[in-house]
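Colleague: I would like to learn how to read strands and salt bridges in a model. Can we go through one together?

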Amino acid sequence: MAMTAMIPPNVMPPNDLSSLLQPWAVQVLKLCLKNDSEESARGFLHFLVNYKLPDGHHIQQFINHPHHGMLDIFLREMLLGLAHWISAAIQQLDMHVPLQSSVQQTSKLEMYLREVEEKSFEHACKEFSDFLYHVILQLLGPELTCVASSLSGTLADGFTSDRSVAALAAWPSLLLAQLVNLLEDMRAKVLRIALELAPYERYEPQNAVSMKSSLVVQFCRYFTLQHSREEYRLKEHEIMDDDFHESNFGIVLIDTYGSLLKMLQHVEHLYFSSEQLIVAVDFEGVELNRNGALCLVQMTCHDNPSLVYVLDIHVLKCSFNPFKLSTLNGISMQFILEECDKILKLWFDPRNDVDALFHQFGVQSNNIYDLQLADVAIRRSINGEVAERVLSLQTCLLKCEGLDETQKGFAETIKQWGKRLFEPKEGGSYKVFQDRPLRDEILIYAAHDSRYMRVLYECYREKLAYQDQWKRWVQYHSHERGLWYRLSHGVEPT
């Protein structure tokens, strides 16, 4: 790495910290963003010397206390500071996404795009890049020149291979969402470089697992899960690469409106190209009901049941109702949950969830298939049981013929994690769902249930295929449970 040729002195006086860090900042920006703007370096340095790093330390600590591997660790912390700085830019851009969601392009912009299309290919690409650069710069400010340059260049590169990228400018929210997604990819790349430069396993082995997992969940958004009966490996991905797509358990963490809009566009495509859209949904929160905060929403779609979207409602709801953000064609989380004809929602006991959705976000859920009731119907109709008690999702998963022994074993392990983390009787606290960054165990716990709901549904549907009376029973009582929010006061489900 070119930066390692510049060895800093062992001790740097704090009163001259910015000037001493200046050449390092320029090198870091040049390495990661292909831009060494002095104004950007000053903006990055201002951020770096005035804010704590993600691990709670200050950059000066890694300068004034040299030790083995100090240079690599110092550079790693500089890069983590850059990832933190990019996060601030993400938040700044992302706040505009819902504000622009109802705005379409102006006639002036439409005329501009038409002119760009009519020009030579290279000229059109340059004009498009310049246009994006000035838009981003106006939103982020001159101190983020390097970010504006990198983003506009990336989008312009896409324009050279697919001229439809210019259509992004037809809808401001879509353009902003794309910029947010690119920034998230950029942040993940910076984290990878930082962790490769100075792995925690090499320099701080005693805290390696906790430090890395905290940073990964904070700065990455794409994950794959590999597990045995009792152990797991959560692997982060910068983008949805081939390994991600080939995995049998993928997770996308959504905590920006930009990434939420990207997911909604995917659902929109499925909605208009399918006769029926089947989604599995699950919810986590603090003693979830109309009074208990909804924190996470997990969803899988029928086109890829092994991919779980985890929506961080706790973060998203701070400035806008995330259930109301919609595509130009009106596809929103509220629409998905309320649509009563074409979108079937697989749910496992929706009562507390629909209570929270309505009273906290104004969502009236509809067209629900309650997997818990389907299990009751099977036990009564086929097994001849009285079945006076409903079973938990984990118990149903352990009984499911569609899961192998490894998957069942991991389901039991996940259940035990949950008890330790958020069950008060086991020494946990439901507040863990509000801690940020999310613990990787919570991310996995949340994604796990939704991942296998479609498997349960297929097993139950096959068993009830010729049980018309019981199919109607499940349909009727699923609908009744979906109206739980109408009760005049909150009632704990029995």
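Colleague: Start with one side chain. Is lysine 235 buried, partly exposed or exposed?

Modeller: Lysine 235 counts as partly exposed, at 30% relative accessibility. Here buried means under 20% relative accessible area, exposed over 50%, and partly exposed in between (1.4 Å probe, protein chains only). Some ground rules follow. This is a predicted model, where local features need pLDDT of at least 70 and side-chain atom pairs count only at pLDDT 80 or more, while totals for chains, interfaces and linings use all residues. Residues are numbered from 1 along each chain as its sequence is written, and side-chain values use heavy atoms, with hydrogens and water left out.

Colleague: Which residue meets lysine 235 in a salt bridge?

Modeller: The rule comes before the case. A salt bridge is a side-chain nitrogen of Lys or Arg within 4 Å of a carboxyl oxygen of Asp or Glu. Lysine 235 meets the side chain of aspartate 243, at 3.8 Å from N to O. Aspartate 243 is partly exposed too, with a relative accessible area of 44%.

Colleague: How many salt bridges does that rule give?

Modeller: The count comes to 19. One of them joins arginine 192 and glutamate 238, at 2.1 Å from N to O. That pair links distant parts of the chain, 46 residues apart. Arginine 192 lies in helix H8 (residues 172-197). Glutamate 238 lies in the loop between strand S2 (232-237) and helix H11 (242-246). Helices (H or I, at least four residues) and strands (E, at least two) are DSSP runs, numbered from the N terminus.

Colleague: How accessible are arginine 192 and glutamate 238?

Modeller: Arginine 192 is partly exposed at 34% relative accessibility. Glutamate 238 is partly exposed at 24%.

Colleague: Which residue forms a salt bridge with arginine 379?

Modeller: Glutamate 385 does, with the closest N and O atoms 3.7 Å apart. Arginine 379 counts as buried, at 7% relative accessibility. Glutamate 385 counts as partly exposed, at 36%.

Colleague: Which residues are linked in a network of salt bridges?

Modeller: Asp349, Arg351, Asp370 and Arg481 are linked in such a network.

Colleague: Now strands. Which way do the side chains of S6 point?

Modeller: The general idea is brief. In a regular strand the side chains alternate between the two faces of the sheet. In S6, Leu307, Tyr309 and Leu311 point one way, and Val308, Val310 and Asp312 the other. Strand S6 spans residues 307-312 and is mostly covered, with six of its six residues buried.

Colleague: Which strands are joined to S6?

Modeller: Pairing has its own rule. Two strands pair if DSSP finds at least two bridges between them. Strand S3 (residues 250-254) runs parallel to S6, joined by five bridges. Isoleucine 251 has valine 308 as its bridge partner in S6, and valine 252 has tyrosine 309. Strand S5 (residues 294-301) runs antiparallel to S6, with four bridges. There, leucine 296 stands opposite aspartate 312. S5 and S6 form a hairpin with five residues between them.

Colleague: Why is S3 described as largely enclosed?

Modeller: Five of the five residues of S3 are buried, so the rest of the structure largely encloses this strand. Gly250, Val252 and Ile254 point one way from S3, and Ile251 and Leu253 the other.

Colleague: How many bridges join S1 to S3?

Modeller: Three bridges join strand S1 (residues 222-227) to S3, and the two run antiparallel. Threonine 224 has glycine 250 as its bridge partner in S3.
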